[in-house]
Amino acid sequence: MRTPLPVVLAGARGHGRWHVANIRRLERAGLVRLAGICELTPLTEEEAGGELPEQSADFGALLDSTGARIAVICTPIPTHTDLALTAARRGVHLLLEKPPAPSYAEFRRMADGVAEAGVACQVGFQSLGSHAVPAIRELVAEGAIGELMGIGGAGAWVRDEAYFRRAPWSGRRRLNGADVIDGALTNPLAHAVATALALGGSARAEDVTGIETELAHANDIEADDTSCVRITTARGLRVTVAATLCAERADEPYVLLHGSSGRITFWYKQDRVLLQRGGHGPEEYHHGRTDLLENLADHLTTGAGLLVPPDGTGAFMRVVEAIRRAPDPEPLPDAAWHRVPGENRRVVPGIDGLVAAAADTLSLYSELGAPWAPRTEHPRYEVSTR
């Protein structure tokens, strides 16, 4: 029986509540132990889900005093790199929430620093722990849908206006001079981008050669809440992902692989796969999932391979950088959106169909005839592979 690994969690409120519950789950299984919580305001016993561990607002001091082996970082995006390096310099391994950094330069500073320190780092793209990912890769390799022609991604979500006020950095591109880049494609629906790239065998930074963006917002924010991106990979594939937080009705996000003789749809939050191909009826599969903190603990104790190391998110970070460098998102004209009575949220009529059509045709909103989409040529971010 192995000794539970001591874990410190930085950022235990908001999305951090999910990590508290997950650490407690793995604690009951004897894999880890919640040794410390780093928060500006200490948690109550109820918030901590059990007996209170050591708490401090000083992350480095908490790592030292608890003897942490793993740090889970779920703090505001601009803090990720510095906190990750604080842990790495102490030899503490990492589960780092997505997006790992707000710019490619900060990502490289983090990834290079972690590598130099010799610690393991897992980036929190939970969808890449789905057993559907290797299963889909195997289907493609076997030729189940013929030649892979392109990949689409679609995310139609609903968020009320309070969502964009949940924290000072919410919906911001920059805060106090620091990059944040909290847009639909880079944060809430980032999994669609990262998963599409991974399934296309283009997860590393050098796998991306060009990126086109169309960024807009209906809400009163700096960042995008309705956007799409088209990525050209070194393999010559087009990967188009469309997202909105202003959907008419919430739907499950998915990634769609287009083949010369079929298609595969992957609803990544549900670990559900639909295979459609000529000469066969539709085939649906449901898969399990490996938790990323559990995988990190296994990596440290048994040598299991990491599922989402930093290099496996380099292509996603190229997309973040393209969005960071793009012109600020366009505010949609008043005629392009309306409020839903009693729900305090903004809706862009017709956006649900546009998101699905973008994934289906690998087109951008402007190419699909969205009346509010930019009529000028969309910004293209060229990526050097040298």
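User: What makes the protein chain count as agreeing with a compact globule?

Analyst: The radius of gyration is taken over C-alpha atoms, and the globule rule is 2.2 Å times the number of residues to the power 0.38. With 386 residues, that rule gives a value near 21 Å. The protein chain has 21 Å, so the two agree. Note that this is a predicted model. Its C-alpha atoms fill a box of roughly 60 × 50 × 45 Å along the principal axes.

User: How much of the protein chain is buried, and what does its surface consist of?

Analyst: Buried residues make up 59% of the 386. The cut-off is under 20% relative accessible area. The protein chain exposes about 15,600 Å², and carbon and sulfur atoms supply 49% of that. Its secondary structure comes to 10 helices and 20 strands.

User: Why is Glu321 called buried?

Analyst: Its relative accessible area is 7%. Buried means under 20%, so Glu321 qualifies. Glu321 sits in helix α9, residues 314–325. Beyond its neighbours within four places in sequence, Glu321 contacts Ser103, Tyr104 and Tyr381.

User: How do you know that the bond from Lys98 to Pro99 is cis?

Analyst: Its omega is near -15°, and the peptide bond is cis. Most peptide bonds are trans. Pro99 is found in the loop between β5 and α5 (104–117).

User: How do you know that helix α1 has close to its expected span?

Analyst: The expected span is 1.5 Å times one less than the number of residues. Helix α1 (residues 16–28) has 13 residues, so 18 Å is expected. From first C-alpha to last, α1 reaches 19 Å, close to that value.

User: Which residues of α1 are buried, and what covers them?

Analyst: The buried ones are Gly16, His19, Val20, Asn22, Ile23, Arg24 and Leu26. Their cover includes β1 (5–10), β2 (32–38), α2 (45–48), β4 (70–73), β5 (93–96) and α8 (292–302).

User: What makes a set of residues a nonpolar core here, and which members stand out?

Analyst: The members must be buried nonpolar residues joined through side-chain atoms within 4.5 Å. The largest such core has 102 residues. Phe59, Ile136, Ile211, Ile231, Leu257 and Ile264 touch the most other members. Helix α7 (residues 190–199) gives the most to this core, with eight residues. Another core, of 24 residues, lies apart from it; Leu256, Leu274, Ala336 and Ala370 are among its members.

User: What does Phe59 touch?

Analyst: Leaving out residues up to four places away in sequence, Phe59 touches Val8, Ala10, Cys38, Ala71, Ile73, Leu83, Thr86 and Ala87.

User: Where does UniProt place the N-terminal domain?

Analyst: An unreviewed UniProt entry places "domain: Gfo/Idh/MocA-like oxidoreductase N-terminal" at residues 8–125. The span is 41% helix and 20% strand, and its end C-alpha atoms lie 19 Å apart.

Terms used: Residues are numbered from 1 along each chain as its sequence is written. This is a predicted model: local features need pLDDT of at least 70, side-chain atom pairs count only at pLDDT 80 or more; totals for chains, interfaces and linings use all residues. Side-chain values use heavy atoms; hydrogens and water are left out. UniProt positions are given in the numbering used here, feature names are shortened, and annotations may be inferred rather than shown by experiment. Helices (H or I, at least four residues) and strands (E, at least two) are DSSP runs, numbered from the N terminus. Buried means under 20% relative accessible area, exposed over 50%, partly exposed in between (1.4 Å probe, protein chains only). Contact means heavy atoms within 4.5 Å. Accessible areas come from the Shrake-Rupley method with a 1.4 Å probe; for residues, only the protein chains shown count as cover.
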